[in-house]
Amino acid sequence: MLSCRFNMDTNRVEARFEDGTIVAIDCIAVEDEYGNAPAQRAELDWLLYNKPLEYVQMVLEGEMERYLSLSCNHGRLED
């Protein structure tokens, strides 16, 4: 992956790869799929704004649900 950024206008994370491929991930769809509780939605937002590269990697690798089930040390909200 060459670059990754959150586009606030489209509410998508856009990732560009070395082969010229561009992937745009719809963040609302990700929240609808994985954000079952306010704390999970807050965690997704934190990840999106602070670590968009990791956000994209977890979505593409199918690891988002596992991530949300783990404790995080950056001030995660409690249920």
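Predicted model: local features only at pLDDT ≥ 70, side-chain atom pairs only at ≥ 80, totals over all residues.
Residues are numbered from 1 along each chain as its sequence is written, and side-chain values use heavy atoms, without hydrogens or water. Local features need pLDDT of at least 70 and side-chain atom pairs count only at pLDDT 80 or more, while totals for chains, interfaces and linings use all residues.

Trainee: What pattern does the protein chain follow along the sequence?
Mentor: Helices (H or I, at least four residues) and strands (E, at least two) are DSSP runs, numbered from the N terminus. The chain has four helices and three strands. Read in order, the pattern is β-β-β-α-α-α-α.

Trainee: What percentage of the residues of the protein chain count as buried?
Mentor: Buried means under 20% relative accessible area, exposed over 50%, and partly exposed in between, with a 1.4 Å probe and protein chains only. The chain has 79 residues. The buried share is 32%.

Trainee: How are α2 and α3 oriented to each other?
Mentor: Axes are lines fitted to C-alpha atoms, for helices over the stretch in contact, and angles run from 0 to 180 degrees between N-to-C directions. Here the angle is about 120 degrees, with the axes 5 Å apart. Angles under 35 degrees count as roughly parallel, over 145 as roughly antiparallel, 65 to 115 as roughly perpendicular and the rest as oblique. α2 and α3 are therefore oblique.

Trainee: How many residues of the contact of α2 with α3 are nonpolar?
Mentor: From α2 come Leu44, Leu47, Leu48, Tyr49 and Asn50; they meet Pro52, Glu54, Tyr55 and Met58 in α3. Ala, Val, Leu, Ile, Met, Phe, Trp, Tyr, Cys and Pro count as nonpolar, Asp, Glu, Lys and Arg as charged, and the others, Gly among them, as polar. One residue is polar and one is charged; the nonpolar ones number seven.

Trainee: What arc do the buried residues of α1 fall within?
Mentor: The buried residues are Cys27, Val30 and Glu31. The arc is that of the directions from the helix axis to the C-beta atoms. These residues line one face of α1, so they fall within an arc of 100 degrees.

Trainee: Which exposed residues sit on the face of α1 turned away from its buried side?
Mentor: The buried side is covered by elements including β1, β2, β3, α2 and α3. The face turned away carries Asp32 and Glu33.

Trainee: Is glutamine 40 buried or exposed?
Mentor: Glutamine 40 is in helix α2. Beyond four places in sequence, it touches Tyr34, Gly35 and Leu68. At 19% relative accessibility, glutamine 40 counts as buried.

Trainee: What is phi of asparagine 11 near?
Mentor: Asparagine 11 lies in the loop between β1 and β2. Most residues other than glycine have a negative phi. In asparagine 11 phi is positive, near 55 degrees.

Notes
Contact = heavy atoms within 4.5 Å.
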